[in-house]
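Hello,

Here is the structure for your files. My notes on it follow below.

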Amino acid sequence: MFTLAEVASLNDIQPTYRILKPWWDVFMDYLAVVMLMVAIFAGTMQLTKDQVVCLPVLQSTVNSKAQPGMSGKADFTTVQPTTGQGEDMSVRTVSFGSESTVTPDVPLSRPASSQSQPTESGQELKKEQKDSSGRKTNLDFQQYVFINQMCYHLALPWYSKYFPYLVLIHTIILIVSSNFWFKYPKTCSKIEHFVSILGKCFESPWTTKALSETACEDSEENKQRLTGAQSLPKYVSTSSDEGSPSANTPMITKSGFKFSADKPMIEVPSVTILDKKDGEQAKALFEKVRKFRAHVEDSDLIYKLYVGQTIIKTVKFIFILCYTANFVNTISFEHICNPKVEHLIGYTQFECTHNMAYMLKKLLISYISLICVYGFICLYTLFWLFRIPLKEYSFEKVREESSFSDIPDVKNDFAFLLHMVDQYDQLYSKRFGVFLSEVSENKLREISLNHEWTFEKLRQHVSRNAQDKQELHLFMLSGVPDAVFDLTDLDVLKLELIPEAKIPAKISQMTNLQELHLCHCPAKVEQTAFSFLRDHLRCLHVKFSDVAEIPAWVYLLKNLRELYLIGNLNSENNKMIGLDSLRELRHLKILYVKSNLTKIPPNITDVAPHLTKLVILNDGTKLVVLNSLKKMTNVAELELQNCELERIPHAIFSLSNLQELDLKSNAIRTIEEIISFQHLKRLTCLKLWHNKIVNIPSSITHVKNLESLYLSNNKLESLPAAVFSLQKLRCLDVSYNSISLIPAEIGFLQNLQHFYITGNKVDTLPKQLFKCVKLRTLCLGQNCITSIPDKISQLLQLTHLELKGNCLECLPATLGQCQLLRKSGLVVEDHLFDTLPSKVKEMLNQDTSIPFANGI
């Protein structure tokens with residue numbers, strides 16, 4: 001037995017799928033129920049009342065000789081036993097015609113040919129009466145029952161006997177065919193998920209809010225109310241209509257929204273911000289819809305299954321109609337039966353009546369009528385299935401009536417399910433389309449974002465950077481909060497991993513903003529915002545994974561001074577580097593490119609005449625073609641790092657204005673070309689660190705204006721005297737090589753201020769080193785030095801001294817005469833520091849407000 005709860009749960013299943021059952025499916029379900037009732041009714045009647053009644057068809061028992069004058073008339077005698085206790089055998093005559101024939105009344109079991117003749121004497125009658133007395137067998141009744149049963153199976157057509165059961169089987173097959181797509185495992189899971197999501201999307205407060213605000217978007221009163229409340233970010237541009245941007249400018253243009261005025265509009269809720277719970281539910285729905293679409297759109301199994309079951313129902317209808325029409329006339333009230341049991345009953349033929357024939361025929365006609373209606377609906381369904389492309393669904397109407405013009409068209413099973421829903425109510429798909437729109441999703445995120453990131457919270461995240469500028473760094477947000485643009489005193493804005501960043505016209509309030517960072521953040525700007533950035537932005541950092549992520553408006557910032565591009569610019573992957581022309585950046589002075597270039601792209605040379613600094617940091621990809629460097633005549637600083645260069649490029653020698661050259665982290669082994677640097681009269685800084693240089697050629701003496709020379713992390717074993725002929729040298733870095741001796745010629749470098757020889761094999765310090773009285777930084781760590789001469793006291797301007805990692809036993813007390821040296825600038829082991837006299841230690845521990853030259 002089923003419990004009431006189980007029955008109730010079964011009853012709840014059908015309403016779940018009702019939105020996917022069009023009118024024809026519902027109608028066919030009702031027709032199937034009626035056919036089921038016909039089958040049950042006919043079956044019940046047949047089980048309780050179905051039978052046949054048969055009577056024998058008698059042959060003429062009158063001798064044709066005794067009736068020679070009869071013609072066209074037949075006399076039949078029906079005998080019926082009327083025996084009883086104490087009664088005589090009576091004779092009943094049934095006459096058909098003008099004359100009658102008398103026959104004795106005998107049991108039916110006696111053959112007609114053996115009918116007894118009238119006795120001649122009463123004794124014989126008494127004797128026969130005496131013989132017939134005894135136990136009553138009712139053999140005549142049993143014989144009729146026997147004949148009725150035999151003739152029911154022999155004479156009655158099979159369709160009369162099995163019609164109710166056939167109707168029941170056909171109806172069950174049709175019911176199963178109608179609902180199979182709801183039960184098949186491959187489809188029911190998708191259908192259940194779709195119905196669940198559709199219901200939640202229909203009832204979501206965000207759906208009502210989005211559609212209602214769309215309806216009232218053009219209302220000036222509503223715009224003023226929303227602006228006054230400052231609670232809902234506008235996706236639409238608030239820029240003035242001073243002119244539309246050019247076709248190649250990727251701006252967010254002001255859009256007009258259409259909505260039919262004669263249609264009822266949902267009332268705009270008074271509260272413009274969803275509560276946190278509703279917002280989180282809406283976000284979850286967006287994610288579910290996105291995943292469901294990706295899962296369902298890749299196949300059309302549901303569509304094929306529905307078409308298949310409709311075809312099966314149509315074929316079933318044709319089959320039922322064909323064979324039923326042939327057998328409808330076989331259901332008759334009268335039937336002739338030949339049971340072939342003459343040896344038992346004496347008769348060969350019986351005439352039978354089927355008492356259910358009339359009722360069954362009426363039920364059959366009703367059933368045929370229902371099947372015809374059912375079949376016509378099946379044919380209409382097939383016509384609907386093949387008349388329009390059900391595997392494509394367009395939200396064109398929704399896009400026309402709302403601001404969500406980006407609702408994508410869907411296909412395959414997703415499209416078919418939406419077509420089915422439209423047969424129930426098109427409002428479902430309209431409300432569902434809100435959750436397919438990226439605009440709607442972004443709008444929801446903006447509302448939640450502005451609700452969470454208030455002005456006060458953003459103010460707490462503002463910090464001071466190394467340049468003493470106010471900086472705000474926003475990381476992995478769904479968008480840019482509106483309150484950001486109320487921070488009018490902000491100098492630097494960093495946006496990182498914000499894929500849907502939009503810069504509205506309100507940015508024009510940030511008059512101090514001059515530096516913008518876009519890290520994996522392809523920001524979109526409104527026209528007014530772009531005009532402001534074009535006039536005020538001076539420094540832009542763009543970090544990207546693909547060149548397409550670089551916003552196109554970047555190439556139109558005419559007043560930009562510094563541009564930093566960090567990402568994949570490989571010419572093979574991006575078709576000669578898909579950078580738009582930089583020709584519009586007429587004021588660009590600094591270009592920083594960190595990528596994997598194989599050659600300097602032509603687009604960079606578009607700004608070559610204006611550049612003063614070019615930095616190219618490769619990831620180890622060999623930079624081959626460098627001829628375009630010759631065009632950069634005004635470049636003062638050039639950095640080519642990690643480019644796998646084996647020699648100093650000859651194109652560099654044409655840069656007459658070059659002041660600083662950095663070739664860090666390459667594969668340079670020899671620098672014989674350094675003699676060509678004598679033509680670069682302005683070259684003051686040469687950085688050849690982190691290479692494989694073995695020796696320094698004597699031709700370096702020709703680079704007379706050199707002030708800084710960086711040769712650290714190479715394979716140098718000695719320092720040639722030619723290096724110390726560079727009288728203007730102020731900084732010399734030869735740390736982390738294999739140098740064992742500091743030449744005495746170092747004393748010639750009277751202008752030397754910074755000397756780095758850390759990580760070598762030096763064991764003694766020449767006295768000439770301390771003639772470099774302008775030294776401020778002296779790094780001697782990680783060598784083999786055993787003692788520090790007392791003449792170190794001559795370095796009166798020394799502020800940084802590194803001695804850690806040597807073989808020292810004590811420090812000279814003369815360190816106390818280095819008036820600018822403090823403990824913070826003395827890098828040495830603690831136990832060595834303790835060997836100093838207490839007065840010296842006190843002096844070194846004193847605080848001073850004099851800035852260290854190390855930072856100058």
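Helices (H or I, at least four residues) and strands (E, at least two) are DSSP runs, numbered from the N terminus. This is a predicted model: local features need pLDDT of at least 70, side-chain atom pairs count only at pLDDT 80 or more, and totals for chains, interfaces and linings use all residues. Residues are numbered from 1 along each chain as its sequence is written, and side-chain values use heavy atoms, with hydrogens and water left out.

Start with threonine 814. It sits in the loop between strand 24 (800–802) and strand 25 (826–827). Threonine 814 is buried, at 16% relative accessible area; buried means under 20%, exposed over 50%, partly exposed in between (1.4 Å probe, protein chains only). Leaving out residues up to four places away in sequence, threonine 814 touches Asp790, Ile792 and Ser793. Contact means heavy atoms within 4.5 Å.

Next, the cores. A nonpolar core is a set of buried Ala, Val, Leu, Ile, Met, Phe, Trp, Tyr and Cys residues joined through side-chain atoms within 4.5 Å. The largest has 134 residues, and Phe677 and Phe755 touch the most other members. Helix 19 (residues 527–536) gives the most to this core, with 4 residues. Beyond four places in sequence, the contacts of phenylalanine 755 include Leu732, Val734, Ile742 and Cys779. A second, separate core of 78 residues includes Val38, Ile197, Ile302 and Tyr323.

Last, the record. An unreviewed UniProt entry places "transmembrane region" at residues 27–47, 162–182 and 364–386. UniProt positions follow the numbering used here, feature names are shortened, and annotations may be inferred rather than shown by experiment. Residues 27–47 are 100% helix and 0% strand, with end C-alpha atoms 30 Å apart. Residues 364–386 are 100% helix and 0% strand, with end C-alpha atoms 33 Å apart.

Best wishes
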